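Subject: Structure for you to look at

Hello,

Here is the structure I promised to pass on. Please open it first, then read my notes below.

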Amino acid sequence: MPVDKSQIIEKESVTVEGIELSANWNRMFEQRVIFDYDTDGLDKVTDLAGAESMGWCYQCGQCIPVCPVDQVGEYGPQKIFRKLQLGLDLFTDDDLWKCTTCMNCLRVCPKEVDMIKIMPAVREEAVMEGNVPDELQEVFENTFEYGNPMGESQRKRADWVKDAGVEVPIMKEIKRPVDLLWFVECYPAYHGRGKDATRALARIFKLLGTDYGILGAEEKCSCDSQRLAGETGLFEEFAEHNIGLFNKYKVKKVLVTDPHALNAFRKEYPKHGGKFETIHYTTYLAPLMEKLTFTKKLDYKVTFHDPCYLGRHNGEFDAPRNCLTAIPGIELIEMGRCREQSFCCGGGGGGMWLDGFMADHVSERLSENRVREAVATGADVLAICCPYEVSRFEDAVKSTGNEGKLLVKDIVELIEEAL
Amino acid sequence: MANQNILIIGGGVAGIEAAKGIADLGYKAILVEKRDRLGGNPDEQQYAALTPDLRDTQEALDEMMAPMLNNPNVDIRYNTLVTGASGSAGNFKVKAISAGKEVEMEAGAVIVATGFTHFDPGRETQKYGYYEHDDVLTLTDAEKLLKAHKFVRPSNGEVPKRICFIQCVGSRDRQIGNEYCSKVCCGISSKQAIEVRQQVPGCKVFIFYIDMRMYGYWENEIYWPAQEKYKVNYVKGMATEIVKRGDKLLVKGEDTTMRRPMEVEMDMVILAVGMEPSEGTKLMAEYFGLKQNKYNFIETTGGPLDTVSTNVPGVFAAGACTGPADLEDSVSAAGLAAMKALASVRKSQPVLA
């Protein structure tokens with residue numbers, strides 16, 4: 001029988017019944033024949049509340065070409081379904097953690113196989129069993145202990161305001177209701193580059209005369225990505241905490257920096273008693289752009305990355321573009337995969353905290369794949385409006401050797417630059 | 001003046017529907033049936049439930065027949081086998097043996113509704129060992145087990161833990177000579193898969209297929225519930241052969257989406273056998289001089305826009321005698337045949353006042 005080389009696995013060492021085999025014995029062959037369809041693993045998934053639709057796949061395969069992870073590896077709902085029919089135990093398999101819940105598969109799925117519900121449901125079970133990649137477990141623990149995934153001090157959550165250059169009203173101090181509660185969220189509050197955008201937004205609010213306040217050190221992570229990564233308990237606890245604050249400060253309208261918080265507030269917090277409206281900062285700024293007085297023309301070709309949780313998940317595609325095109329001098333060049341078809345940066349659904357784990361499974365990071373696409377448009381600037389992206393894309397610009405060719409800037413940074 | 005009686009040959013769903021239609025329009029229908037019961041294959045082969053609505057077959061057929069059984073306009077001739085025909089449009093003479101006696105019936109038009117027969121998977125070109133292995137069944141065999149609520153392995157009477165269906169047996173096959181799709185088998189397999197899961201919840205059910213062909217509402221009424229609610233496993237790829245291993249059946253084939261061979265043990269295998277023209281259909285074609293297609297089904301002449309007219313004026317064909325047809329097709333064609341048959345005998349007459 002001819003040898004199919006792709007089926008050969010070279011193991012570094014092989015031990016059979018306690019005896020270490022040397023030399024060529026480490027050559028193994030993957031079993032080619034299917035001797036059993038052990039569908040118990042599939043039934044275990046589809047018996048789970050929320051994960052039923054995993055069993056609905058009729059193998060059209062439309063999800064695969066739009067699955068970002070399949071672009072850099074082997075993945076996608078159609079493939080997971082087949083593996084489940086062939087005996088995969090998703091609850092303990094690495095495949096459980098590769099999905100970024102970017103929703104591109106659900107967008108094209110005729111059967112509505114919903115990974116956005118399947119993944120958290122199955123991951124919740126894995127979390128309860130302790131089957132979680134170490135780096136993710138650390139993030140869960142940090143969030144639990146410090147209120148943010150990075151493990152930064154809760155007390156320092158509003159330290160960024162010191163260097164904002166404008167006064168930033170903190171709810172606890174101003175003791176009055178505001179038009180807009182700004183939910184800053186973790187990365188914008190703590191991350192070096194994230195804070196640049198946060199401060200810029202505070203200064204723009206000042207120019208616009210926005211009546212707002214922040215929760216400061218009282219704010220805790222919205223926890224949407226932890227929820228999608230399976231930490232439902234943590235999510236619920238934090239949701240109750242944040243809703244409690246919103247109620248205490250009589251909040252009617254929340255402005256978020258982070259599309260993941262937008263998603264949690266719009267879709268999940270109402271289930272826990274949250275009664276307030278939420279908008280993304282680009283949605284707020286877009287109609288107010290004409291009130292800003294620009295003094296500079298930016299000579300940039302800009303391409304824009306639609307965040308999964310702003311665009312596909314929550315339907316906002318135009319506001320960020322309207323903000324960008326209102327800036328004098330900017331030429332907006334779209335990437336091929338834009339708007340509904342936008343390509344995930346890899347940060348969603350826990351992916352933000354699984355780069356080490358993913359490195360063993362993919363040929364390149366999703367953020368690197370995306371940066372290559374951005375560079376190919378000829379743009380000088382990759383504009384973003386999700387706090388996960390600045391760090392992911394700046395790293396990817398370096399790792400793909402595009403330093404100096406492409407700048408990564410938050411939309412508010414670009415607005416401020418032109419003022 | 002033309003004889004205004006319509007003779008219908010075959011008492012399956014198409015024949016019943018045609019007879020009902022003619023009687024309802026106030027004309028006389030002679031319904032000839034070779035058995036001592038009406039209902040055709042669904043009755044004779046004891047289908048448990050109809051596709052796609054899973055309604056009890058007997059109950060549904062009884063309801064369909066009820067308005068016709070005591071209708072003076074319908075003359076049902078049971079145990080009557082047509083043996084020859086002469087005459088032409090407006091004046092047919094049809095010979096038959098009825099309860100051992102030769103009889104002749106006259107009619108202005110004839111509707112042939114002699115249906116199909118199930119493909120015999122024991123043919124020499126077949127590789128599934130239907131006559132060798134007790135636990136290899138056909139869809140019709142399985143219907144009987146499901147109807148009796150005794151879905152067990154024929155070899156040992158045990159409740160099966162894993163079964164599979166193999167699609168397209170005797171259909172879509174140049175070597176066998178049946179190049180056509182039999183149209184109903186995907187739906188019936190899925191319907192039976194649902195029934196198996198209802199009757200034997202612990203039994204895992206697999207369907208090996210080339211393409212699932214679930215037309216129209218069958219998609220959402222049978223295929224989707226089978227997969228989504230009843231957790232039937234559909235695997236794209238055909239089983240090529242069945243080998244006995246111990247008291248199990250080893251089903252060998254290619255899993256085409258995994259691109260890997262499969263050799264899986266099953267307790268029972270159900271062959272989704274297709275349709276072929278019945279003996280009666282072939283004989284009626286001969287007696288009336290009806291054109292047949294290369295598969296020996298009666299050829300209708302109007303393409304997709306006339307599914308019942310034949311090359312012989314005054315003779316119409318309805319249901320599975322013209323090719324693979326589901327129940328919906330058969331009753332629809334029967335209504336059309338009734339209308340066209342009546343029109344053909346009434347054509348020259350003025351409209352009734």
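**Chain A: overall build**

In chain A, 78% of the contacts with a separation of 6 or more join residues 24 or more positions apart. Bear in mind that this is a predicted model.

Chain A has 19 helices and 12 strands. Its radius of gyration is 23 Å, close to the 22 Å that the globule rule gives for 419 residues, so chain A is as compact as a globular protein of that length. Along the principal axes, the C-alpha atoms of chain A fill a box of roughly 75 × 45 × 40 Å. Of the 419 residues in chain A, 48% are buried.

**Chain B: two domains**

Chain B splits into two domains. Domain 1 covers 6-115 + 278-346, and domain 2 covers 119-274. Their centres, taken over C-alpha atoms, are 31 Å apart. Domain 1 of chain B gives 13 residues to the contact between them, and domain 2 of chain B gives 20. The domain 1 side has eight nonpolar, four polar and one charged residues.

**Where the chains meet**

Best wishes

How values were computed: Residues numbered from 1 in each chain as written. Chains lettered and ligands numbered in written order. Predicted model: local features only at pLDDT ≥ 70, side-chain atom pairs only at ≥ 80, totals over all residues. Domains from an automatic or database assignment. Contact = placed C-beta atoms within 7 Å. Nonpolar A, V, L, I, M, F, W, Y, C, P; charged D, E, K, R; others polar. Helix = DSSP H or I, 4+ residues; strand = E, 2+ residues; numbered from the N terminus. Rg over C-alpha atoms; globule rule 2.2 N^0.38 Å. Buried ≥ 20, exposed ≤ 12 C-beta atoms within 10 Å, placed from the backbone.
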